[in-house]
Amino acid sequence: MRKGLLYLITVLYCSLASYGQYNSTDTLFSINDTSYPSAPFFKLYESNKLRDQHNKPLSLKESLDLYIDFHLKATEAKNLQFDTLPEVIQEIETYHNQAFKAYLYPVNINQNLLEETFERIQYFIKPRHILIKIEGRATPKDTLEAYQEASRIYSLLKDGKKFSKLANQFSDDLSARKNNGELGYITAFDMDYAFETAAYNTSKDKYSKPIRSPYGYHIIQTIDRIKNPGKVKIRHLMLEFKKKNEKNKIKLKADSIYQLLQSGADFSELVQKYSDDVSSINNNGILPWFGLFETHPTIERTAFELKKKGDFSQPIRTEFGYHIIQILEKKEYNNLQECKGELIELLEEDSRSRISENELIKQLKERYQFKENKNLLSNFYSILDYAYAELWETLFSIEDNDYSQEKFSEFLSKQASKDIYENFEDYINRLYVNFSNTCILAYHKNKLVERHQELKTLLDEYENGILVYFITKETIWNNISDKENTKKYYINNQHKYNKKADYKTVKDIVLEDYRAWLEEKWSEELRKKYSVKINLSALTNLRTNKNE
């Protein structure tokens, strides 16, 4: 029985980054006039990720059949113009942006950043802030006004006004009306990097100058600083308060379980027998790593009080029930070398280890000799219908490529109606920045694809995977969801099932068989429609390498 394409799509997505680096001109097979190299397939096959329904690795022949089917379906999807569907275009763009991210914004973790992160993560700080918000479509004038307002409030603080009172009065963070701007305890990576930096660099009870984040301008006051005890992994057993007036009964039961633990009973066995926490019982009561301010305060306090691995607590009470906790592992942030790996992982996922988009565009403008004639923008300040604007002069150039006023007109004509509350000149200027930045990023992406074959392979395979997903959804899955067709398949193949069993009883098996039959039939049709030729010498080389 031929294996489903959905699984292959998933495996391909997981494997793209790894086999994209293989650049081979050795053709394994061709579909019509398009050749497919052996290296990507061999890398995928070598990973042992292609498996049958019993989780056994597929043979070389089975794997190759599945791989060819995948590319046949991608070819069919392109010929049927699935790549012109808006939802497909959007999905491809999303995955392409993910692929480009590592090339556009490579991770750069230097020793100074690592040491800074280590110093900060050793502590929790408690800040409060005054926010002057800047909306997403803010103009330079809006930004200036926000900064001036933040500066005015900063002057009031310097004159001796109380921070909490000003937060309550002026902050655009409406929660300040209740908490005087307090945000609770934070540590490294909990907030935007600029906010975090200002908070950690501000002495207790002092306040920062206005600093900019994606949300606006903040003035930050640090009101407390405590040691970070690290993280713990625990096992817990919970007896839930399921009914009213049973708390004493639950307490007695918790005490009896505690006595069993003291007598040497196995904690995980007692979890299986008694715990009411369905979310952790299948993992023998083990919870994910957590630190301070991440779960229930009583559980946190008890967990961090336990000293040695294997120690367990007396029954503790929360509003949910009684808990007994066992400490399994602890990790602290007292030694850089010991926590270096974890910090690097956190930094790799955080924007602070990457160049910003603004800085990238600034660098690209220098690299590609970006030149502009912004005076020509004045021609757009009074145009009502950009689709009919006859403007031909060069607005800006990237290397030897000119971008005319006409191209900008086309871009403007596709935009939604302008915000009536926005100054028209500011509106045009904002969209020009958007347009020119988009153009230079697109130009740079094309250069990246030219320079990096593995990136081109990655982009192509993402596109193929998405096309196969959508065409399989229409051809196979929509058919399966058609109850009449499924029932008809069942009637025509009733001899395969227990004749005494009604359709409802064997429905799941019928659906799986029907799906497999549709896929096999579809594959046969595609192999008749397209010419598939396998390079036998390349296939022999693969067999030799795998000793098959």
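Which residues form one aromatic cluster? In this predicted model, the cluster is made up of Phe 370, Phe 380, Phe 396, Tyr 403, Phe 408, Phe 411, Tyr 432 and Phe 435.

In one of the pairs, formed by Phe 29 and Tyr 67, the ring centres are 6.0 Å apart and the ring planes meet at 90°, so the arrangement is edge-to-face. Planes over 60 degrees apart are counted in this way. With a relative accessible area of 0%, Phe 29 is buried. Tyr 67 is also buried, its relative accessible area being 2%.

A further edge-to-face pair is formed by Tyr 469 and Phe 470, with a centre-to-centre distance of 5.2 Å and an angle of 90° between the planes. The accessibility of these two residues was also computed. Tyr 469 has a relative accessibility of 33% and counts as partly exposed. Phe 470, at 15% relative accessibility, counts as buried, because the limit for that class is under 20%.

Aromatic rings also take part in contacts with charged side chains. The charged end of Lys 227 is placed over the ring of Tyr 123, at 5.2 Å from the ring centre. In a second contact of this kind, the charged end of Lys 331 sits over the ring of Trp 289, and the distance to the ring centre is 4.4 Å.

The largest pocket has a volume of about 1,000 Å³. Its lining comprises 27 residues, and those nearest the centre of the pocket are Glu 357, Asn 434, Asn 437, Thr 438 and Leu 441. Two or more lining residues are given by each of the elements α4 (86-104), α15 (357-367), α17 (424-451) and α18 (453-480). Of these elements, α17 provides the largest share of the lining, namely twelve residues. When the lining of the largest pocket is divided by class, ten residues are nonpolar, ten are polar and seven are charged.

Key
Residues are numbered from 1 along each chain as its sequence is written. This is a predicted model: local features need pLDDT of at least 70, side-chain atom pairs count only at pLDDT 80 or more; totals for chains, interfaces and linings use all residues. Side-chain values use heavy atoms; hydrogens and water are left out. Rings of Phe, Tyr and Trp (its six-membered ring) pair if their centres lie within 6.5 Å; planes under 30 degrees apart count as stacked, over 60 as edge-to-face and the rest as tilted. Buried means under 20% relative accessible area, exposed over 50%, partly exposed in between (1.4 Å probe, protein chains only). A charge sits over a ring if NZ of Lys or CZ of Arg is within 6 Å of the ring centre and within 35 degrees of the ring normal. On a 1 Å grid over the protein atoms alone, a cavity is a set of points where a 1.4 Å probe fits but cannot get out, and a pocket is an open set with protein on both sides within 12 Å along at least five of seven lines; lining residues have an atom within 4 Å of a point. Grid points are joined across faces, edges and corners, and a volume is the space filled by probe spheres set on the points. Helices (H or I, at least four residues) and strands (E, at least two) are DSSP runs, numbered from the N terminus. Ala, Val, Leu, Ile, Met, Phe, Trp, Tyr, Cys and Pro count as nonpolar, Asp, Glu, Lys and Arg as charged, and the others, Gly among them, as polar.
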